[in-house]
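The following exercises concern one protein chain and its three-dimensional model.

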Amino acid sequence: MNIENIEAFVYVNHYGSFNKAAEVLFLSQPSVTARIQTLERELDCKLFDRLGKQIALTDKGKQFLPYAQQIMQTFQKGKQHMQQRKTIPHELRIGATVSVSNYLIPSLLPRLKQRYPEIHIKLFTAGTDELVNKLHNKEIDLAFVRKVAHPTLSSYRFYEDPIKLYVYGGHPFMQKEKVSIEEISFQPLVFFECGSLDWMRVHRVFDSLDHQPNIEYLVDNSESAKKLVLERAGICFLPGLCVEQEVRANRLFPIEFDELDGITLQTNLISRNGEHAMFADSLMEIGQALFGQ
């Protein structure tokens, strides 16, 4: 079956006219008619009914249409993919925030390399604002950042990491069915502050109190915060990714309470509009397979 005949069928149906389809396909009207007739012979059925100057799909034509559209989409995607592979760059420069660099990148990059073994990957770790600037200045090609919106950037929601309160083994909160904000506020707190809007929501959890929470340590990275909790210096609000191993090993324990429900640390994958879409799509597919989001 000739792909050009299927293409003619899809275009005639879309434009509702043999003449218009011929114009768009840069063909003569008799050529389009001949392609439809050939396809009808191959399928052994009539695809269009003529109603005066109008045309309409027959029942058989309606049945075949979704298959024809799928064939064309698959063909175009394959063609685009083959053309893109001819121009795969020698090097791919990826930026990532510290948490993504520590906890997501080690799983992502080997799988990306499997898909594109010929590329060399460079990783840059920095904050969201710096990575956005590097992207605009073409110093990097893609970046994993906190949620941003910009008209010249394409943004894909990549991962949402729930923020919870974590305590060390034997902490009194582990014996409680429910813990209040008031109780938490009097505990020695290690506060990990990464400067994003997500963390502002954690701060606002304490707005209803008439006193400030007992923040004894204010740190700028999750690893330091986590280790302080492991040393029993305090308890801490942390994203789930950074404590997965410690939770599995029963060294840290999440404490649930209603006010924290729905607070997550959102990671987006961004690129310059129209650039490196093939790699962005691949990373999104890999992320979906790994993390199911």
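**Exercise 1.** What distance separates the centres of domain 1 and domain 3, taken over C-alpha atoms?

*Solution.* The model is a predicted one, in which local features need pLDDT of at least 70, side-chain atom pairs count only at pLDDT 80 or more, and totals for chains, interfaces and linings use all residues. Residues are numbered from 1 along each chain as its sequence is written, and side-chain values use heavy atoms, with hydrogens and water left out.

Step 1. Identify the domains, whose bounds come from an automatic or database domain assignment: domain 1 (3-83), domain 2 (91-159 + 266-291) and domain 3 (160-264).

Step 2. Taken over C-alpha atoms, the centres of domain 1 and domain 3 are 60 Å apart.

**Exercise 2.** Determine how helix α1 is placed against helix α3.

*Solution.* Step 1. Locate the helices, which are DSSP runs of H or I with at least four residues, numbered from the N terminus: α1 spans residues 3-15 and α3 spans residues 29-43.

Step 1. Their axes (lines fitted to C-alpha atoms over the stretch in contact, with angles from 0 to 180 degrees between N-to-C directions) come within 8 Å and cross at roughly 110°. Therefore α1 is roughly perpendicular to α3, a term for angles of 65 to 115 degrees.

Step 2. Consider Ala-8, which belongs to helix α1. With a relative accessible area of 0%, Ala-8 is buried (under 20%; exposed means over 50%, and partly exposed lies in between, with a 1.4 Å probe and protein chains only).

Step 3. Beyond its neighbours within four places in sequence, Ala-8 is in contact (heavy atoms within 4.5 Å) with Leu-25, Val-32, Arg-35 and Ile-36. Among these, Val-32, Arg-35 and Ile-36 are in α3.

**Exercise 3.** Which residues of the largest nonpolar core touch the most other members?

*Solution.* Step 1. A nonpolar core is a set of buried Ala, Val, Leu, Ile, Met, Phe, Trp, Tyr and Cys residues joined through side-chain atoms within 4.5 Å.

Step 1. In the largest such core, which has 56 residues, Phe-144, Ile-184, Phe-206 and Phe-237 touch the most other members. Strand β6 (residues 153-168) contributes the most, with seven residues; a strand is a DSSP run of E with at least two residues.

Step 2. Because domain 2 and domain 3 both give residues to this core, it lies between them.

Step 3. A second, separate core has 19 residues, including Ala-8 and Ile-36.

Methods
Parallel < 35°, antiparallel > 145°, perpendicular 65-115°, else oblique.
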